[in-house]
Amino acid sequence: MRELNILVTGIGGQGQLFLSRIIGEIFLKNNIPAYIAETHGLSQRGGTVVVHVRIGREVRSPLIPIGEAHIMISLELIEASRYIYYLRSDGVAIINNKMIPPPGKKTNLEPQQLIDYVRSRVKHVYILNASKTALEYKMPISANIYMIGGLVKLLDRLEIISEELSDIIIKDLLPSRDREINIKIYENGKKEMNSLLSSEDISDLLKILSR
Amino acid sequence: MKHVGLNVASDALMSSAYTGVSEGFVIVSADDPSMWSSQNEQDNRFYGLISYIPVFEPENPWEAKELTKKLYDISSENKHPVILRTTTRVSHTRGPVRVGELRKIRVKGSFKPEPKYVLVPSNARVNRIDLLKRWSNIKTTVENLEFNKVYGDGRIAIVSPSTAFSHVYETVYKSELIDKVRLIKLSSVYPLPEKFLVSNLSDVEKIVVIEELEPLVEMQLRDILNRNDIRIPVLSKPYEYRVFELTIDRVREILEKTLGVALRKEMSTRKIEGEIKLPPRPPVFCAGCPYRPLFFELKRILAKERVKAVISGDIGCYSLAYYDPFNMQHTIVEMGGSIGLGNGFSTVLDEAITISIIGDSTFFHAGIPALINSVYNRHPQIIIVLDNMVTAMTGHQPSPSTPREDRYVKIERLAESVGVRYVAVVDPFNIEEFRKNFLEALRVIKEEREVAVIVARRRCALEAYWNMLRDGVEVIPYTVDQDKCIGCGICYNLFACPAIYAGENKKAYIDPELCIGCGSCVVSCPFNAIKPLKPVDQETLKKYWF
């Protein structure tokens, strides 16, 4: 792995940092260096949060250059749209199907409008039902775990990392409380992502991601 | 500490260079280019210059660890303090670190009295002379620092410290400049390793210095070249790159502008067709924050009573009340400055009353001397101390108001003991009680011309919520009775909890994913439309929320 850039976006409190840390740990355990740079400080207070995850031996700077992220994982639609310019146009956006309007701000945006916008900017867009599923399991804060499932499946299908090893690492990192239920949410994320990935997608993505 | 923390500690910092140290003393100053969470982006490397304390910069987390170890050695060998200066992208980056053996930590020591520790003028003069002797040794020490490195042997030199070097390295190695440049990575930025630089720069055609914020390395480098009679052009980064942190994109721009070249960019996003207007998302009070109902009610009282007020704010979570929809606090300038500024406002303003807002940890940090001034000099202002019993904004470090065994400093008793005659303690969720006490405080400042203190106390919601999760206590979200809701928007526009949003017909909805079941929104609804999804055991809740 020479270089893989993953941008993680969402709203403070949705667990982007934990998600990013897990991605980093998975690659480190595969002996591939990873840097995780967060925007911080006020990130717990419902503000916009961006985390830069940079993986690979040719990476030295912790920040992803504009237009050079290969993958974006977003826990929220407005925040996905806000930072879409970081993503290569032939890249992948994996987005939680959830829109959270900023409190106290008037907006007429509809989720579909944002999805269309993202699709107009990026070739591969996968909308996952992370929040919906997490809520069904009565674990609303675990949408991030679902998204990790989605990413792991993608990286496994692209043969960048193995799903089996990732499963072990993730189980290890999940807090013991609610571990079983979180693993179910994670498995659901993998399953949905798998159902969305066509073989054309895979061969297309291999061109940009398997370097 | 962060950069502005060193301002507060600067008195002691200056003296530490005079007394010298008997064991390793490494001061970590974490600067914040781009002001991600600060009031300024001061370049703390300048503290080195005014204090004669050497300054070092690591490039990444791994190097921060290695350099820290080295600096302890440098500090103990030279008997002198050192500054390890990091910026956002070192402090807030996770990266691989190889764990070595821990040195044995000594927590007990001895103190041998010596005149140098007593900074009366006669001793300080001696110290000053010794300090300069130590300084000359330090200048030699940095010449051989293995963290200063040279890459490549082209004729264009790029000199760069810290994360700026990471950006430079990656930009150059992916560009057509790769064979033309010589990269000089600097870890010792004050003093500069003069001989090292002279020997590595004397045969280049030009030098570009790329560093974040101020041109500290550049200024010194120009001086070194001048003194050594080396005439090589030094190219500064354009003025607009002094502001904000550097990135690969900005470093590429600097190189293009200074060297007059066009560098290829690997990939760009598809051309933008039809942008979309996105609402900004500034940070807000968390769901359940005790400050939300307080500011909601304070704004209402001031409007209803037609009270014109200057609100002197401070640094903490409550700074967020400056933003929509509360728009409260007219000044926020420094940690602990609110009450002092409030004293000034209340002295000179006749057409408006003065309210100072300060959090518990900020109050303990620097609010107490100003409170004593308020009492002694009779400054008629209302001071609201927002006591959430922890230092919430920076990550829930304890404050003296955090109960620890039997220790807990009660702000109201402290205020009474320095002579404040009107002190009230309220629960910010109980807005009736707050209103009653605020109106009384208003009377006190107007009629008695004295300071009044209101302590608004309730635990930080995040802590209460985490403890409930930890103990497996069920969190019952609230919901809006759609038959009662008329869509007035008070709850989502003015109370503005992140869990409440406008749905169909402008009616309010509560997102169960974000609601933490605090129930503070109930009082914001004039139509009593907000209720818990199922009955809540108030007694259990109380255990967590107070």
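Begin in chain B and select Pro325(B), which lies in the loop between strand E11 (309–312) and helix H12 (338–348) of chain B. Helices (H or I, at least four residues) and strands (E, at least two) are DSSP runs, numbered from the N terminus. The model is a predicted one, in which local features need pLDDT of at least 70 and side-chain atom pairs count only at pLDDT 80 or more, while totals for chains, interfaces and linings use all residues. Residues are numbered from 1 along each chain as its sequence is written, and chains are lettered from A and ligands numbered from 1 in the order in which they are written.

Pro191(B) belongs to the loop between strand E8 (188–190) and helix H8 (194–201) of chain B. For context, most residues other than glycine have a negative phi, and most peptide bonds are trans.

**The sheet that includes E8(B)**

Remain at Tyr190(B), which is the bridge partner, in E8(B), of Val55(B). Strand E2 (residues 55–56) of chain B pairs with E8(B) in the antiparallel sense over two bridges; two strands pair if DSSP finds at least two bridges between them. Now display the open sheet of four strands, whose order is E1-E3-E2-E8 (chain B) and whose pairing is mixed. Which strands stand at the edges? They are strand E1 (26–30) and E8 of chain B, each with a single partner strand, so one side of each is left without a neighbour in the sheet.

**Two helices in contact**

Select helix H11 (residues 291–304) and helix H15 (residues 431–448) of chain B, whose axes come within 10 Å and cross at roughly 45 degrees. Axes are lines fitted to C-alpha atoms, for helices over the stretch in contact, and angles run from 0 to 180 degrees between N-to-C directions. H11(B) and H15(B) are therefore oblique to each other; angles under 35 degrees count as roughly parallel, over 145 as roughly antiparallel, 65 to 115 as roughly perpendicular and the rest as oblique. The crossing of H11(B) with H15(B) is right-handed, a term used if the near helix is turned clockwise from the far one by less than a right angle.

Show side chains at the contact: Pro293(B), Leu294(B), Glu297(B) and Ile301(B) in H11(B) meet Ile431(B), Phe434(B), Arg435(B) and Phe438(B) in H15(B). The residues of this contact comprise six nonpolar, no polar and two charged. Here Ala, Val, Leu, Ile, Met, Phe, Trp, Tyr, Cys and Pro count as nonpolar, Asp, Glu, Lys and Arg as charged, and the others, Gly among them, as polar. Two residues are in contact if their C-beta atoms, placed from the backbone, lie within 7 Å.

**Residues with positive phi**

Move to Arg449(B), in the loop between H15 and strand E15 (452–457) of chain B. Arg449(B) has a positive phi, near 50 degrees, in a residue other than glycine. Is Arg449(B) buried or exposed? Arg449(B) counts as exposed, with 11 C-beta neighbours inside 10 Å. A residue is buried if 20 or more other C-beta atoms lie within 10 Å of its own, exposed if 12 or fewer, and partly exposed in between, with C-beta atoms placed from the backbone.

In chain A, select Asp178(A), in the loop between helix H6 (163–173) and helix H7 (179–196) of chain A. Asp178(A) is not a glycine, yet its phi is positive, about 60 degrees. Asp178(A) is partly exposed, with 19 other C-beta atoms within 10 Å.

**Where the chains meet**

Finally, display both chains: 46 residues of chain A are in contact with 44 residues of chain B. On the side of chain A that touches chain B, E2(A) gives the most, with four residues. The residues of that side of chain A comprise 20 nonpolar, 17 polar and nine charged. E2(A) pairs with strand E4 (residues 93–94) of chain B in the antiparallel sense over two bridges. To end the tour, select Ile36(A), which stands opposite Arg94(B) in E4(B).
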